[in-house]
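Biologist: Could you take me through this model, one question at a time?

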Amino acid sequence: MPTTTASSPLRLSNSEALSRSQEAGKYIQSKVSAANVISLPFLPTQDSAELWASYENMLYSCLRTGDDKAAHFCLERLASRFGADDERIMGLRGLYQEAMAEDTSALLQMLHEYNEILTENPTNTPVRKRRIALLRSLSREGEAANALVELLAASPTDIEAWAELADLYISQGLYQQAEFCLEEILLFTPNAWNVCLPYDMLRSLRSSQS
């Protein structure tokens, strides 16, 4: 599955996410065959990267607003196009199943499934990232940090992973390590103002402590 090129669904406001998921719900309720071309006004009408990026963003929006049925529909549409064994689809399915988990026991089962997938294919980056996110949600920050370090050893240009690791280190009071992570981000994106500010704050904090 190609990398999403549409804007991040995390940047949508709550009202925009709700509107997006409501549109998905209306489409599903219309009982149009899944084989037909989708006609939602905010979706492209051809089999294109933009169409499938929109489905993925709609999946995120539906999960944010609790529209499980619409989220499942979007996931299955993506899986039918790219295949259940596509690494990105596996990551999205894991995200959906985590959202559907009713208790900690179900989340631990998901963690076990991630471990099994990575035993067979350690390079499955989407699943590695889902595993890290799940470890954080289970308050296993140390394991999450170690997993991020391993991920960055294999993919040192992953800015998202550097930012996640910096956030983990800050939450643990490891400011020097967090500063290093932010420096790595600035090497790739020197004009990232949203990184410059926390980086300067960390430097000032460390200076005041020395």
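Biologist: In which helix is the place of Tyr-60?

Modeller: This is a predicted model, in which local features need pLDDT of at least 70 and side-chain atom pairs count only at pLDDT 80 or more, while totals for chains, interfaces and linings use all residues. Residues are numbered from 1 along each chain as its sequence is written, and side-chain values use heavy atoms, with hydrogens and water left out. Helices are DSSP runs of H or I with at least four residues, numbered from the N terminus, and Tyr-60 has its place in helix α2.

Biologist: Is Tyr-60 buried, partly exposed or exposed?

Modeller: Buried means under 20% relative accessible area and exposed over 50%, with partly exposed in between (1.4 Å probe, protein chains only). Because its relative accessibility is 22%, Tyr-60 counts as partly exposed.

Biologist: How are α2 and α3 oriented to each other, roughly parallel or roughly antiparallel?

Modeller: The axes of α2 (residues 49-65) and α3 (residues 68-82) come within 8 Å and cross at roughly 150°; axes are lines fitted to C-alpha atoms, for helices over the stretch in contact, and angles run from 0 to 180 degrees between N-to-C directions. Angles under 35 degrees count as roughly parallel, over 145 as roughly antiparallel, 65 to 115 as roughly perpendicular and the rest as oblique. The two helices, α2 and α3, are therefore roughly antiparallel.

Biologist: How far apart in space are Tyr-60 and Tyr-96, C-alpha to C-alpha?

Modeller: In sequence, Tyr-60 and Tyr-96 are 36 residues apart. In space, C-alpha to C-alpha, the distance between Tyr-60 and Tyr-96 is 8.9 Å.
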